[in-house]
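Please keep the sequence and the coordinates in view while reading.

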Amino acid sequence: MTGQFHHISVLLNECMDALRPKDGGVYLDCTIGGAGHSTALLSLAPKARLYGIDRDADALAAAEKRLSTDHPGADYHLLRGNFHDARELVTEPLDGILVDLGVSSYQLDEAGRGFSYHGDAPLDMRMDQRQELTAEVIVNEWPEKEISRILKEYGEENWAAQIARVLCDRRKKERIATADQLVEIIDASIPKKFRARDDSHPARRTFQALRIAVNDELAPLEKALRDMVRMLSPGGRLAVISFHSLEDRIVKNSFRSMENPCTCPKDFPVCVCGKKPLVRLTPRGGITASSEEIRDNPRSRSATLRVAERLEDA
Ligand SMILES: C[S@@+](CC[C@H](N)C(=O)[O-])C[C@H]1O[C@@H](n2cnc3c(N)ncnc32)[C@H](O)[C@@H]1O
């Protein structure tokens with residue numbers, strides 16, 4: 001880790017209200033990052049047991065530093081891995097699970113990690129530095145059609161095909177290795193008159209798409225959420241914060257299908273499929289940041305928290 005680990009935890013009080021930490025309880029923070037949420041949890045329940053997962057070695061080092069300073073002697077266990085494998089990593093029944101999706105501000109700001117579209121940062125974007133696939137491999141080696149597909153699917157980029165075409169032309173002449181090179185390609189692909197109407201950075205969608213593809217963030221999410229519900233004790237709660245509509249859609253739909261898994265035709269008077277609800281949603285909708293939080297931490301603007309509670313007889 002080179003720079004300071006800086007990250008403001010989003011929807012902190014709302015997450016604690018959802019998880020209701022208690023002494024003697026067992027909790028899992030699937031995305032421990034700088035341990036902001038976990039520190040708050042142990043402050044409310046110093047005698048709880050906490051498991052923390054992250055796939056980023058820098059995050060785990062920061063979490064260890066914070067927890068050992070703020071909660072020396074607490075019963076915490078840090079694990080390097082992917083939360084998609086949470087069920088293999090933690091086998092104890094849990095009272096609460098938190099998932100704070102996406103990347104931390106530290107990862108975004110640390111130029112060497114290659115998440116940011118500013119400067120001559122390398123096109124890396126790996127959360128787990130042991131992984132082989134980087135954004136540089138995708139932009140230089142993947143077929144044009146695949147690049148266009150991920151920009152459309154994961155970035156919801158209207159100019160996906162155009163960007164993929166210009167990129168693949170450019171890479172015949174030189175390897176695309178830095179954020180600056182990619183931004184220039186995106187600039188050259190989107191006609192000026194369309195860019196002017198959108199106040200966000202023209203590279204935002206492409207960088208989001210590459211990050212999702214490099215870290216395979218979406219496809220395994222639904223199964224991971226189902227696994228997590230199975231890891232809860234009855235009455236235990238799963239709290240998930242998402243940061244863009246693609247993620248939130250998966251969380252919302254997964255929760256709804258666990259709340260109401262019945263597949264019987266609507267006009268059947270009684271259920272014959274036998275599929276029983278696993279969770280109740282509490283509240284039913286998503287929780288978003290207050291205007292005060294958004295003022296203090298603009299990153300919270302796009303956050304949505306959803307909470308599912310495992311039913312007693314599920
Ligand atoms: C938004 S940050 C978490 C910040 C943390 N809640 C805090 O308050 O400090 C997300 C963290 O999750 C990690 N992460 C994202 N996806 C992951 C996955 N599939 N498995 C494990 N860790 C993941 C990232 O490396 C990052 O450190």
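Helices, of at least four residues, and strands, of at least two, are DSSP runs numbered from the N terminus. The model considered here is predicted. In these terms, Arg20 belongs to the loop that connects H1 and E1. Although Arg20 is not a glycine, its phi is positive, at about 45°. Arg20 counts as partly exposed because 13 C-beta neighbours lie inside 10 Å.

Helix H1 itself spans residues 12–19, and Cys15, Ala18 and Leu19 are buried in it. Viewed down the axis of H1, these buried residues fall within an arc of 90°, so they line one face of the helix. Their cover includes H2 together with the strands E1 (26–29), E4 (94–100), E5 (232–242) and E8 (304–310).

In the segment before H1 lies Leu11. Leu11 also has a positive phi, near 50°, and is a residue other than glycine. Leu11 counts as buried because it has 23 C-beta neighbours inside 10 Å, whereas Arg20 is partly exposed.

A further backbone feature is the cis peptide bond between Thr282 and Pro283, with omega at about 0°. Pro283 is located in the loop between strand E6 (279–281) and strand E7 (287–288).

The ligand remains to be described. Around it are 21 residues, of which Ser9, Thr31, Gly33, Gly36 and Asp56 come nearest. Helix H2 (36–44) and strand E2 (49–54) each contribute at least two residues to this shell. By residue class, the shell comprises 11 polar, 6 nonpolar and 4 charged residues.

Technical notes: Residues are numbered from 1 along each chain as its sequence is written. This is a predicted model: local features need pLDDT of at least 70, side-chain atom pairs count only at pLDDT 80 or more; totals for chains, interfaces and linings use all residues. A residue is near a molecule or strand if its C-beta atom, placed from the backbone, lies within 6 Å of it. Ala, Val, Leu, Ile, Met, Phe, Trp, Tyr, Cys and Pro count as nonpolar, Asp, Glu, Lys and Arg as charged, and the others, Gly among them, as polar. A residue is buried if 20 or more other C-beta atoms lie within 10 Å of its own, exposed if 12 or fewer, and partly exposed in between; C-beta atoms are placed from the backbone. The arc is that of the directions from the helix axis to the C-beta atoms. Two residues are in contact if their C-beta atoms, placed from the backbone, lie within 7 Å.
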